[in-house]
Structure formats: structure tokens, C-alpha cells
Amino acid sequence: MSILAVAKDQFSDLLRRRYLLVIFIGALAIIGMWVGYLALMKSLFPAMQQGAQDAATKGMTEMMIGGLQVALHAIIGSIGVLLALGLMCFSVTSEVSKGTVRMILSRPVRRYEFFIGKWLGCVCIVGVYTLLVGTMVCTYTYYSFGRLLPVIPLSIAMLFLKAITVGSIGMALAMWLRPIVALLVAYLAAAETFLFIAGFMHGIAKSVMHTLFYALPSYKAFDLYTGIMNGTIMSGAEIAYRVAYAVLIWALMLIAGASLFQRRDLA
Amino acid sequence: MTSIIELDHLTKSFKGRGRKVETTAVNDLSFSVEQGEIFGFLGPNGAGKTTTLYTLLGFLHPSSGGGSVFGLPFGDPEGLRRIGYLPEYVNLHEYYTPDGMLNYYARLSGLDPVEARARASYVLERLGIADVCNKRISKFSKGMIQRLGLAQAVLGNPDLLFLDEPTSSLDPVGRKDVKDLLLELKAQGKTVVISSHILSDIESLCDRVAIIRKGRLVKTGKLDELLSTGSGVRITTDKLPTDAVNEIQQLGGVVIGSDTVFAIELPDREKEYDVIGILRKHGCPLISVAEQKSSLEDYFFDIMKGEETK
């Protein structure tokens, strides 16, 4: 009950924030610009028009669609991740610095309930963002190309999982580090970062980087760029694995974050 | 009397930057608060009053020692269910209206929605903010926010109230309203712990007080007893011949007065009946005999001075 009350309050609070409105409108504007760009390309290359049936034109069209979709997904995905990180890293800490947390925790609310409630409120906001941009991307894809490959909505759903995963890591880290540092660490401390760094290293340093690669969560698991390019969809088992992976990280981060918050002095 | 709050050698230290310097905000504090009393918590700025309240509410973890509230550990949700809290700086979510905010706090407290609505209407009315219940909190004055803070504190009809500077932002009318409310709560058997700098409020409301300085307990006890400690008697009459004045002065009494009213101050009660005898002998009517009390303010400053010289 308390979790839902805190989540609802967090959701309502965030919906009133002007910066959030700017982010939402910005993301939709980017999609709009992409639609405009594609319309321009279509007028320049009439072969891209719907109905072109020969193999060469079809291939070019597919590649164009794929390329644009990947770029678009990368942009809206990055915005989603930064949005989730920003909201989650500052959600609890801003209540602590403003002092409102003490008013809430003077009620029979357990700290973990407050923490999970805040997380849930942020998840809902990121959900609204995903729903908005996802609906727009799917609608534009359907009306521009006359069909909607299943990989597009799936990719958007994966972007949501990725955003919440990175945000949850940031939120847990913010209980230990300064929120802005937590945000940066959560964004950069992905497994892939250390694989990339390992490429420049040798010996023990390389082994350490490889160990970190296996120990840290992978964000790449949620990027379906190849699928978007090829128009192929992954198997149900692969989807289930990714969902389970995300939920496991969320659970671990919520436990870690709530434990750190429990031990914290709210002076 | 049942103890509702027990503090047992409570100590709270904070680690500074680099975790090398440690500040002790509360040092070996022990006292108890009984059910149904209004308990004043006094001390200069930085004495550790707010730190103690935060620890009692579970916001801070004790460094050593401990205690209980309603026999439960600090911050236990079962205990918090029976507690109302008004912080020194009332920080509310400004996008709410008073109705919305009280509804939110009622949900957090697990109150029944119907009961919560009735209580919210009552407390808003009682604290004089019912007519602005649809206005955004961001538009509220400091005094109105203070009243609203108090409204959320008493919303769940708590058995115990922690009030940190409850009248600091209020005008005289608001202060009177709050004092009346607290006396009403006391009459209902509620326990109130007030931390305040406004000593006249403490003096007019509290049954017992604890005075702390630099985190240490300096004095605790019933207000009447503390203020009468070391004080004498004041006898008033409207007639005092010179012979009587001389006799009284021989007994160590000090006569202050005009032509119409005379006050005789005795440093202790030993000579009280001797002076009354002198007045009778000279046919002087006795208007009053009262224990000479220092004000809480005088007492507080004396205590603080005494501590400084230690």
C-alpha cells in the first residue's frame, strides 16, 4: 500500500516537471525530424516508394529502412537511458536533501517501501516515455512502409528494459556515491566498456578488464540493432532470457539500494 | 505513570569528511517521557535537540546506547503508527493542495479513506486552513505551511507528538491556536514532546522539561520544581508601618513597595510564618502569599551560564 502511494506521488510529481516535458517533446521532435528526412529521401529516390517489387530496389529499401530504424532506436534508446538514470539517481537523494523524506518516513513506512515506491514511480515515467516514442515509431514505420516488422516493437520493449536496468544500477549506486557520480558510473560501468578497454591493454590489466566484462551487467543484450537491420526476430527463449536477466538485475539493485538506504543517516 | 519514551545512554556521533573528525551531537543522554504529559526539550542552537528527535523517529542510527518509543525500537513502523511529527522546517511537496497532501499522508499511514477524509476536514478546520484547502501549497505563507505541517502531524490522531519549533513561524493568533490545540490533546491523554526556543511557550505548556547543552543532559525535571528551586516567598499587603518594616528587615526580608501595595520578599520559606505574625501584630491585611518563582528564561540563562563556567 505504501509502495503504491509513494510510486503514485513520484509519478505525479515527475509529470509536473517541465524538464520532463521538454525531454518528451524533444524525443518526439527527433522522431518527427526522422520522418521528414525519410520523406525527403523518398522524394529523391522514387525507387523507395511503396510498391517497388524488383529485388535490387527492395534490397535498397530494406537497407534504408533498417539503417534509419537503427539510428532512430539508438537515439531514442539513449534518451530513455539518460532519462531513467537522471530520474532514478536523484529520486531518493533529492527527497533526502529537501527534507521531505523525513515527513514521509515519520509515517509507518519502511525505508525499503519508500525506495521501491520511488523506483516504481520512475519506472512508470520511463514506461510513458517508451509508450509515447514507441507508438510514434511503430505508427510511422507502418504508414511509411506498409508493414510493421515484429522486431520494431520488440526492440522498443528491449530499450525499456535497458533503460530501467541502467537506471536501477544508478539508483543503487546513488545510495553510496553522489548522484551525479552514480549516474556516470552506472552509464559507463557496462560490461562492454571493459571489453572495449581490454582491447588496449595487455597482461594482468587485460585479464582484469575481461573479469570485469564477465562480472558487470551487459547493456548490449538489450540492443536489437542486428535484428532491426535484418528484419529478423529472436526466439521466444532469447526474449525470455533477456527479460529474466533484466528482472534479476532490477531485483539485485533494489535489494542493494534499499539495504544501503536502510543504513543511511537521514540528517 | 507509564514511560512512553525511554532514552538509555544515547550517543550519536557524525563522521566528518575523510571520516577522521567525529562530532558528537548527542552524548550519553538518558531520560524518559511519561504518558499524557507535555515534555519540553530545551537547549541552545546545536545542542542536539533535533538530532535526538531524529534518532527517536529512526532517521538516525544511534552510535551507542539506545532506548525505546512505546516499548519498540526507534523507527519501528508499529510505533510510528502512533506518532505524529512536525519538523522545524516543514518541507511539503508544493504541488499538492492541503486536501491532496493530507490524503497522501493518510494513505502512507494506512488510514481508512473515509476516516481519513473526516479527520482531514476536522484538522484543517481546527487549524484554520479549511478555507484554503483547494489552494496549491506553493502559494502558502510560512505560517500557513506551519499550520499545515501540524495538520499532517495530528491527522492520524496520534498518541505521541514530536513537535520541533511548532510556533516559530506563527503570528500571536496562530501561536494561541496551537497552544490551545496542544492543551486539548493533553486533556485527551496524548503525550507531546516539544523542542522550542520560545521559552514562554514551553513555560506555559510543559509539565516537565529536559535541558541539553552540547549533546549532554544538563537538567531534567518538573517545570514547577525546577523554577522554584532556591526561590523564596513573596508576601503582599496594602499597609506596612515603619516598625513592621524594621522587624521584617531584621528577619532578612526585603520590602519593595509604594504607598498602596507592599511586597515582602523572603529568600526562603523558614521565616514565612514569622513575617505573617508581624503583619498580624501590626494589623496589616494579608493580600497574598506566593512562592517566588524565576521565569523559565531566567532559569535557562542561569543554567547556561553555569555550564559555560564549568
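Student: What makes Lys214(B) count as exposed?

Tutor: Lys214(B) has 60% relative accessibility, so it counts as exposed. (Buried means under 20% relative accessible area, exposed over 50%, partly exposed in between, with a 1.4 Å probe and protein chains only.) This is a predicted model: local features need pLDDT of at least 70, side-chain atom pairs count only at pLDDT 80 or more, and totals for chains, interfaces and linings use all residues. Residues are numbered from 1 along each chain as its sequence is written, chains are lettered from A and ligands numbered from 1 in the order in which they are written, and side-chain values use heavy atoms, with hydrogens and water left out.

Student: Where is Lys214(B), and what is its phi?

Tutor: Lys214(B) is in the loop between strand 8 (208-213) and strand 9 (216-222) of chain B. Its phi is positive, about 50°, although Lys214(B) is not a glycine. Most residues other than glycine have a negative phi. (Helices, H or I with at least four residues, and strands, E with at least two, are DSSP runs numbered from the N terminus.)

Student: Why does Phe70(B) count as buried?

Tutor: Its relative accessibility is 16%, so Phe70(B) counts as buried. Phe70(B) also has a positive phi, about 55°, and is not a glycine. Its loop runs between strand 4 (64-69) and helix 2 (77-80) of chain B.

Student: Why is Ile256(B) called partly exposed?

Tutor: Ile256(B) has 42% relative accessibility, so it counts as partly exposed. Ile256(B) lies in strand 11 (residues 254-257) of chain B. Not counting residues up to four places away in sequence, Ile256(B) touches Val261(B), Phe262(B), Ala263(B) and Glu265(B). (Contact means heavy atoms within 4.5 Å.)

Student: Which residues of helix 6 of chain B are buried, and what puts them on the same side?

Tutor: Gly174(B), Val178(B), Leu181(B), Leu182(B) and Leu185(B) are buried. They cover an arc of only 95° around the axis, so they sit on the same side of helix 6 of chain B. (The arc is that of the directions from the helix axis to the C-beta atoms.) The face turned away carries the exposed residues Pro172(B), Val173(B) and Ala187(B).

Student: How do you know that the buried residues of helix 4 of chain B line one face?

Tutor: The buried residues are Ala116(B), Arg119(B), Ala120(B), Val123(B) and Leu124(B). Seen down the axis, they fall within an arc of 130°, so they line one face of helix 4 of chain B. On the other side, Val114(B), Arg117(B), Ala118(B) and Glu125(B) are exposed. The buried residues pack against helix 3 (98-109) and helix 5 of chain B.

Student: Why are helix 6 and helix 11 of chain A called roughly parallel?

Tutor: Helix 6 (residues 151-173) and helix 11 (residues 236-263) of chain A pack at about 20°, with axes 8 Å apart. That angle makes helix 6 of chain A roughly parallel to helix 11 of chain A. (Under 35 degrees is roughly parallel, over 145 roughly antiparallel, 65 to 115 roughly perpendicular and the rest oblique; angles run from 0 to 180 degrees between N-to-C directions.) The contact includes Leu154(A) and Met158(A) of helix 6 of chain A, and Ile239(A) and Trp250(A) of helix 11 of chain A.
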